[in-house]
Amino acid sequence: MASLAPTLSSTISRLTHLHKPSLQSAITTLKNFQFKYKLSKPTRPFLNSSPSPLSAHFSSAQMKSTIGSDDDLVVLGIETSCDDTAAAVVRSNGEILSQVVSSQADLLVQYGGVAPKMAEEAHSKVIDQVVQEALDKANLSESDLSAVAVTIGPGLSLCLRVGVKKARKLAGTYALPIVGVHHMEAHALVARLVQRELQFPFLVLLISGGHNLLILARDLGNYVQLGTTIDDAIGEAYDKTAKWLGLDLRKSGGPAVEELAREGDADSIKFKVPMKQHKDCNFSYAGLKTQVRLAVESGSINPGIPVSSATSEDRKARANIAASFQRVAVLHLEEKCERAIEWASKIEPSIKHLVVSGGVASNQFVRARLNQIVEKNCLQLVCPPPKLCTDNGVMVAWTGIEHFRMGRFDPPPPSDEPEDAVLDLRPRWPLGEEYAEGRSDARSIRRARIHPSLTSLIQASMLQQS
C-alpha cells in the first residue's frame with residue numbers, strides 16, 4: 001500500500017512507502033493477493049489522508065477468508081532500532097518459539113557508543129543470518145508465518161531502514177501481512193506476554209539508553225504520556241559513567257556500573273538529585289553526568305587505565321563514584337514514579353500495576369528500589385526477565401500479534417518493490433499524548449520532525465471508521 005503522506009497515515013498503514021502505483025498496478029496487486037488465513041473479525045479499513053488506488057480499492061472487508069483461532073497466529077518480529085540486530089518467532093498463545101540477538105558490543109567499545117553508520121553496516125551484515133536463524137530455531141519456514149512485525153520507530157533511521165527493508169522483502173516474497181511496531185510500545189507490551197493476566201489500564205516506566213518515559217497505558221494503542229526525557233536518558237548516563245570509570249563496555253554500561261557500585265559507598269559523594277525544583281514527571285540526566293565527570297577528574301582517575309588494572313585505592317574511589325551515581329540516578333526515578341502514580345490514579349483509579357521495562361530495567365538495584373515505591377502505594381511491580389528488557393525480537397513479534405488481532409496491519413508489499421522505495425520510518429515518534437499537568441517549561445527536547453503520536457493516529461483512525 002502506498003501513501004503520499006505517511007506522517008498522517010494511521011497505524012494500520014504504518015509501513016507505506018511514497019511510490020504511488022498506477023491503478024492497473026493496484027488492481028493487479030489485489031488480484032494476486034490472497035490470504036492463506038481467515039479473519040475471525042473484520043479488520044479495520046485502511047486510512048490515508050491522500051488515498052492511493054490500492055488503499056481506496058482494497059479493504060479487509062473484501063477479504064473472503066478468515067483466520068481461525070487467535071492461537072493459530074505465528075509472527076516473526078524484527079528489531080533494528082539501535083545497536084542490536086534481533087529477530088524472534090512468537091505464537092499468539094504466548095509461546096516463544098525462538099529468539100536471536102546479534103550484539104554490537106565490540107563496536108560500542110571501539111567507538112565509545114553507538115555510531116549510526118557503523119551500526120547500520122553491522123545490521124546489514126547479519127540481518128539475513130539473524131532472521132534465518134530465528135526461523136530455523138522455531139523449526140518453521142516463511143510460509144508457516146501468519147505475519148511479519150518490524151520496528152519502524154523511534155530509533156536511528158539508518159538502523160530502522162535495515163530491519164524494515166528486510167521485513168518488507170520477506171513479506172512481499174511470501175505474501176505476508178506486515179505490522180509496523182512502535183519500539184517503546186513493544187517494551188511496554190512484552191509484560192503482557194510474560195504476565196498474561198495483566199490487563200489495561202496500568203502504569204509503565206520505560207528506561208533505556210535513549211529514553212525515559214512514564215506512560216499510563218489505558219488500552220492497546222491508547223497511551224497518556226506523564227513524563228519523558230528532557231535531555232539524556234538514564235541508560236546514557238550509565239554508559240558515560242562506565243566509560244569515565246574505565247569499565248568494560250562489552251557488558252554495556254549499566255551492568256558494569258551496577259557491579260562496581262556493590263563495592264562502593266553510595267553516600268560518599270553528595271551528587272545533587274536532578275529536577276528537584278520541577279514538580280512534574282520529566283527526567284534529566286545531563287546535569288548528573290556532568291557531576292560524575294567532574295568527580296572523576298577531581299579524583300585524578302585515568303579512564304585509560306581499566307578498572308581491572310587499577311590500584312586498590314583507585315578502584316575504591318571508582319566504586320564510590322559508581323555507587324553514589326547509581327543512588328542518585330535511581331532516586332530521580334523514584335521521585336518521578338511517585339508523582340506519576342498519583343497522577344495516574346486520578347485518571348484511572350483502577351490501576352494495579354507498574355510495568356518497568358527497557359534495558360535499564362534489568363538492573364537489580366533499580367528493580368529493588370522501585371519495588372519499594374510500588375509496595376508503598378499498594379501496587380504490584382511487573383518486570384519482564386532481563387533478556388526481554390533489552391531490545392529483542394520477542395517484544396516486536398508480540399506487539400505485532402496484539403495489533404494484528406485488532407486488524408491493524410498492512411497487506412503484503414509488492415514482491416518487486418524497488419530498492420530505492422522511500423520507506424515510512426519514524427525516528428522521532430511519541431507514544432502517547434502529553435498529560436496537561438506534565439507539560440514543563442524546562443523541556444528542551446527538539447520537536448521538529450516529530451511524527452504524530454501512535455495514540456493520536458489510532459484515535460483518528462477509529463473516528464473515521466465510526
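Predicted model: local features only at pLDDT ≥ 70, side-chain atom pairs only at ≥ 80, totals over all residues.
Local features need pLDDT of at least 70 and side-chain atom pairs pLDDT 80 or more, while totals for chains, interfaces and linings use all residues. Residues are numbered from 1 along each chain as its sequence is written, and side-chain values use heavy atoms, without hydrogens or water.

Helix α13 covers residues 393–405. Its 13 residues reach 18 Å from first to last C-alpha, close to the 18 Å expected at 1.5 Å a residue (1.5 Å times one less than the number of residues). Twelve of the 13 residues are buried (under 20% relative accessible area, 1.4 Å probe, protein chains only). Among them are Trp398, Glu402 and His403. At the start of α13, a side-chain oxygen of Asn392 lies within 3.1 Å of the backbone nitrogen of Val394. Gly407 follows α13 and has a positive phi, near 85 degrees.

Helices α8 (residues 253–261) and α10 (residues 312–347) cross at roughly 115 degrees, and their axes come within 8 Å. The two helices are therefore roughly perpendicular (65 to 115 degrees). Residues in contact (heavy atoms within 4.5 Å) include Val257 and Leu260 of α8 and Arg315, Ala319 and Phe325 of α10.

Lys166 sits in helix α5 (residues 157–173). Lys166 is buried, with a relative accessible area of 19%. Its side chain makes a polar contact of 3.0 Å with that of Asp128 (a pair of N or O atoms within 3.5 Å, one able to donate a hydrogen and the other to accept it; residues adjacent in sequence count only if both atoms are side-chain atoms). Beyond residues up to four places away in sequence, Lys166 touches Ile78, Ile127, Asp128 and Val131.

Terms used. Helix = DSSP H or I, 4+ residues; strand = E, 2+ residues; numbered from the N terminus. Buried < 20%, exposed > 50% of the residue type's maximum accessible area, 1.4 Å probe, protein only. Axes fitted to C-alpha atoms, helices over the stretch in contact; angles between N-to-C directions. Parallel < 35°, antiparallel > 145°, perpendicular 65-115°, else oblique.
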